[in-house]
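This report looks at a ligand and the residues around it, and then at one loop of the chain. Please keep the sequence and the 3D view at hand while reading.

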Amino acid sequence: MTSKIGIYPGTFDPLTFGHLDIIKRSLNIVDKLIIGVADNISKKSLLSTDVRKKLILSDIKTYFETKVNISIETVNGLLTDYAKNNNVTCIIRGLRAVSDFEYEFQMTGMNYQLNPDIDTVFLMSSEKYSFISSNFIKEVHILGGDVSKFVSKNTIDVLDKKNI
Ligand code: COA
């Protein structure tokens, strides 16, 4: 039987518990999940790709069983090219609110035009994470707010060092 490989792409600057929730639920849909960390040219990241990947890895180790079939990779070029070259059958995206829809709709349409063999699957974010965004986490943290309900201790340690 062929295994279903999915990719969950994003900037993950940093990964939040909202992203972890989508990752956990994706594992019920695919046999293997690639977390595709974008070296996103249009979005300036606070954390380097390397640091973002290390934080994802440490969170996966902390919050998941050891046997999960997840790999964490950098996506440099087009997502659809990466997907095709790595036998990915579906792209997974989380939808937090209606406001996400328009952007996701356009991105899905473009990706479909680029490669109609790869479908996008949407998972609704759990209610308690529907308002989280990485930018808000960074803003609240730099202003001294408590973000421990939204990101891991390791992530807070890294953000602390960045804010010195
Ligand atoms: N829980 C919490 N936050 C979530 C979330 C969830 N379930 N889902 C999305 N978010 C947040 C992110 O934290 C991020 O917040 P921020 O804007 O404050 O940083 C925001 O929603 C959207 O981020 P993300 O899901 O990471 O998407 P993105 O817009 O940063 O990434 C890519 C988009 C990487 C998937 C897209 O740019 C891409 O595919 N790039 C590769 C190049 C390519 O193929 N381009 C053509 C695309 S048509």
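A polar side-chain atom of Lys43 is 2.7 Å from an oxygen atom of the ligand. For Arg96, the distance from a polar side-chain atom to a ligand oxygen is 2.9 Å, and for His19 it is 3.4 Å. The protein buries 85% of the 930 Å² that the ligand exposes when taken alone; accessible areas come from the Shrake-Rupley method with a 1.4 Å probe, and for residues only the protein chains shown count as cover.

The model is predicted: local features need pLDDT of at least 70, side-chain atom pairs count only at pLDDT 80 or more, and totals for chains, interfaces and linings use all residues. Residues are numbered from 1 along each chain as its sequence is written, and side-chain values use heavy atoms, with hydrogens and water left out.

## The shell around the ligand

There are 24 residues around the ligand, and Thr11, Lys43, Tyr103, Ser134 and Asn135 come nearest. A residue is counted as near if one of its heavy atoms lies within 4 Å. The shell is made up of 9 nonpolar, 12 polar and 3 charged residues. Here Asp, Glu, Lys and Arg are charged, Ala, Val, Leu, Ile, Met, Phe, Trp, Tyr, Cys and Pro are nonpolar, and the others, Gly among them, are polar.

At least two shell residues come from each of β1 (5-10), α1 (17-26), α4 (98-114) and α5 (134-142). With 4 residues, α4 gives the most. These elements are DSSP runs numbered from the N terminus: helices (H or I) have at least four residues and strands (E) at least two.

## The loop between β1 and α1

Phe12 belongs to this loop and has a positive phi of about 55°, although it is not a glycine. Pro14 is also found there, and a cis peptide bond with omega of about 5° joins Asp13 to Pro14.

Asp13 and Lys138 form a salt bridge (2.7 Å, N to O). The pair links distant parts of the chain, from this loop to helix α5, 125 residues apart. The count of salt bridges is 6, each being a side-chain nitrogen of Lys or Arg within 4 Å of a carboxyl oxygen of Asp or Glu.

Methods: Polar contact = N/O pair within 3.5 Å; in protein donor to acceptor, adjacent residues only side chain to side chain.
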